[in-house]
Amino acid sequence: MKKQSKKRLLFQSDDIQILIQEDLYSEKFSRSNIIEAKSSFNLLFMLSPSIHLEAQDCSSHFLFKQNQYILHYSSQENVGELWSENQEVLKYLQIQIDYNYIFNLINPEANNESANILESMIKNNYIFLHKQTPPYMTVEMHMILEEIVSYSKKGVIQKLFVEAKIIKLLILIFEQFNEKNTFEETPKTPSMIKKFVDENYHKNIKVEEIGKLIGINQNKIRKEFKAQYHITVSDYISELRMLKAKKLIINKDIMIKEIAIECGYEYVQNFTRAFKKKFGVSPEKLRTL
């Protein structure tokens, strides 16, 4: 069986280039080269386990875990080699941004905060969150990458969309590095999951899908979330949905079917069953009380 390796260009403009490396499967290990253009900032998101990176300009070698990332400034054109091990597929996403674009975006001449941010970026202070450990992607970062990869429109709409997402990514990175507690080497799984659920409970989400999206084993999600909050993820999702449903149900202009969809239920029957179990009365009956 031949190894199928694929590097795909997702977006390219005068200032930004986005590439994704996707191996379909691997016999031994996969290899790929990345090029950092002169005077460019490069966001590199590791989407598969055990990725080795060797920077040829300084002969530095790094081993990344899945869901880690770095923000690296390159003053000259650099070439790096990435490879996987133990028959793992190789998957990563590279966002390359021109220096002048970042300079105009941050505008370091405006105030000291902007100047300090740009200086930190140039000095590559956004490579290690603490000690020698690269930062982990947050749930929001995962979602943004998913949106970028799946976005289908082209032209000026795509350009505006991509630039908006990159700005959001940079904001999340700056916030992550500004957090006071930066000494844990692993992400706070329960709080990550809670934040994700709080923002997405109205969608048709399941624990399995959450695990795939943020790269955390679903059994770990269930165990650590319940230990922290004394409720299962599924029950917490149901609680949020029912609280929202109870607020919407008093508005008789909204159909029950619309409320079900708004609360993340694909089928009205499932919504009605959950509502009656929670409040002891059906949604239709509650409206007549």
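Helices (H or I, at least four residues) and strands (E, at least two) are taken as DSSP runs, numbered from the N terminus. The model is predicted, so that local features need pLDDT of at least 70 and side-chain atom pairs count only at pLDDT 80 or more, while totals for chains, interfaces and linings use all residues. Residues are numbered from 1 along each chain as its sequence is written, and side-chain values use heavy atoms, with hydrogens and water left out.

Helix α4 spans residues 156-178 and contains I171. This residue, I171, is partly exposed, at a relative accessible area of 37% (buried is under 20%, exposed over 50%, partly exposed in between; 1.4 Å probe, protein chains only). Together with L105 and I167, I171 forms a nonpolar surface patch of about 200 Å² accessible area.

An open sheet is built from 4 strands in the order β3-β8-β5-β6, with antiparallel pairing; two strands pair if DSSP finds at least two bridges between them. At the edges lie β3 (31-36) and β6 (60-64), each of which pairs on one side only. From one strand to the next, the twist averages 20°. Strand β5 (residues 51-55) is joined to β6 in the antiparallel sense over 5 bridges, and A55 has S60 of β6 as its bridge partner.

Strand β4 (residues 40-46) runs antiparallel to β7, with 6 bridges between them; here N42 stands opposite H72 of β7. Strand β7 (residues 69-74) is mostly covered, 6 of its 6 residues being buried. The cover extends to both faces of β7, with Y69, L71 and Y73 buried on one side and I70, H72 and S74 buried on the other.

Conventions:
Patch = residues over 30% accessible without salt bridge, like charges linked within 9 Å, V, L, I, M, F, W, Y side chains within 5 Å. Areas by Shrake-Rupley, 256 points an atom, 1.4 Å probe, with all protein chains shown as cover. Salt bridge = Lys/Arg side-chain N within 4 Å of Asp/Glu carboxyl O. Axes fitted to C-alpha atoms, helices over the stretch in contact; angles between N-to-C directions.
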